[in-house]
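Dear colleague,

Please find below the sequence and the structure that I am handing over to you. My notes on the findings follow directly after them.

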Amino acid sequence: MVTIFVATLRTPDLRLATAFDTGQSQTLRFARYVISIPPAHRTDAIEWPSDPPNPATDFVTIEAAHLSEAEFRTSIKWAGGNRRSIRLFVHGYNNSFQEAVYRLAQITADAHDQRVAVVFAWPSKATPLSYNADRAAAAASTEGLARTIEILAERPRTQIVLVAHSMGGWLTMETLAKMSREHRQAKFQQFSNVILAAPDIDVAEMVRQLEIIGQLPRPLTLLVSRDDTALLLSRIISGGRRVGADDVHDPWVQAAARRFGARVVDISELTTADGLGHARFAAMVALYSKFHSQIEDPLKRHYAGPGVFVFRTATSTLEPVDR
């Protein structure tokens, strides 16, 4: 059983009392779900419910409830206990509400690290042809994500791992830039890691965002792969080189990593059920216990600070490119 907390700017789904649809809301709403993971769950996969859902083979939502903001705060506090560690997930383009919740359920089940799981569900239209509409929805969601970060960071010494995928990476960077401009960046100290997986961000935009944000307390982690077909399509639609398709052997990428204090990791060796190579990060989660100290513990001998790396699946380690 995996518990998922939700903060969302989606509008309530009138057909399903405890779900949310694709509409944009100005009100930040909260919810809690308990997802049953099937015994034969395969790493990085979402076993979508059949009709009727079968807990033996499918992800099944067995509890669902809307929460007030006060109930959300209290629930997060009790779920974390004394450990005070949260994973905040920001989904990408073309994601339904159910997909966002189930993806975080998969990540939580595969990671086995007991972090409190929170998804920020912005109102993607969840159709392949809605790229520009999703970009507009993400742009309108920065205050909602900023407020979510501030709520999660209210409890002293809470550590937050922020994981953002695809267009969610752009939303995350725009949010951090907004918080920096508004002098709200004190909460950044509680990030134990900010991970952008296959970030759908134009390189020039990323430089602009980083110049506003400055260096985070810990190196920003970028998970990239040159053969990401989804980012190739994004480049065709919007123009501009995408950060998530960066080449870690490119001297410009290496110089930029040093300049901005970023950790750029090529994860092309990972295989995933996603035929586009865009969701490789989901397969990386199951290996997290083997390499997490490389990106979360600066006191470890093999800590991977700012620079460029290749993730080696055979050893589950980040290998410096210049070794």
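A pocket, as the word is used here, is found on a 1 Å grid over the protein atoms alone and is an open set of points with protein on both sides within 12 Å along at least five of seven lines; a cavity is a set of points where a 1.4 Å probe fits but cannot get out, and lining residues have an atom within 4 Å of a point. Grid points are joined across faces, edges and corners, and a volume is the space filled by probe spheres set on the points.

Please note that this is a predicted model, in which local features need pLDDT of at least 70 and side-chain atom pairs count only at pLDDT 80 or more, while totals for chains, interfaces and linings use all residues. Residues are numbered from 1 along each chain as its sequence is written, and side-chain values use heavy atoms, with hydrogens and water left out.

**Second largest pocket**

The second largest pocket holds about 380 Å³ of space. It is lined by 19 residues, and L16, A19, F20, F97 and Q98 are the closest to its centre. Two or more lining residues come from each of β2 (20–36), β3 (60–67) and α2 (97–111); helices (H or I, at least four residues) and strands (E, at least two) are DSSP runs, numbered from the N terminus. By class, the lining of this pocket has ten nonpolar, five polar and four charged residues. In this scheme Ala, Val, Leu, Ile, Met, Phe, Trp, Tyr, Cys and Pro count as nonpolar, Asp, Glu, Lys and Arg as charged, and the others, Gly among them, as polar.

**Cavities**

Four cavities of 30 Å³ or more were found in a search of the whole structure. The largest cavity has a volume of about 200 Å³. Its lining consists of 16 residues, with V163, I195, L223, V285 and Y288 nearest its centre. The elements that contribute two or more residues to this lining are β6 (159–165), β8 (220–224), β9 (262–266), α9 (280–284) and α10 (288–296). The largest share, three residues, belongs to α10. The lining of the largest cavity divides into 13 nonpolar residues, one polar and two charged.

The second largest cavity contains about 140 Å³ of space. Of its 14 lining residues, M206, L222, D246, W252 and A256 are the closest to its centre. Here α6 (203–213), α8 (251–260) and β9 each give two or more residues, and α8 supplies the largest share, five residues. The lining of the second largest cavity has 13 nonpolar residues, no polar residue and one charged residue.

**Helix packing**

The two helices α6 and α8, which both line the second largest cavity, pack at an angle of about 15 degrees, with their axes 11 Å apart. Axes are lines fitted to C-alpha atoms, for helices over the stretch in contact, and angles run from 0 to 180 degrees between N-to-C directions. The angle makes α6 roughly parallel to α8, given that angles under 35 degrees count as roughly parallel, over 145 as roughly antiparallel, 65 to 115 as roughly perpendicular and the rest as oblique. In the contact (heavy atoms within 4.5 Å), V203, V207, L210 and E211 of α6 meet W252, R259 and F260 of α8. This contact has five nonpolar, no polar and two charged residues.

Helix α3 (residues 131–139) packs against helix α5 (residues 167–181) at an angle of about 30 degrees, with the axes 9 Å apart. This makes α3 roughly parallel to α5. Y131, D134, R135, A138 and A139 of α3 make the contact with M167, W170 and L171 of α5. By class, six of these residues are nonpolar, none is polar and two are charged.

Helix α4 (residues 142–152) also packs with α5, at an angle of about 75 degrees and with the axes 9 Å apart. The two helices α4 and α5 are therefore roughly perpendicular to each other. Among the residues in this contact are L145, A146 and I149 of α4 and L171, L176 and M179 of α5. The contact of α4 with α5 has six nonpolar, three polar and four charged residues.

**Backbone points**

The peptide bond from D51 to P52 is cis, with omega near 5 degrees, and P52 lies in the loop between β2 and β3. Q114, a residue other than glycine, has a positive phi, near 65 degrees. Q114 is placed in the loop between α2 and β5 (116–121).

With kind regards
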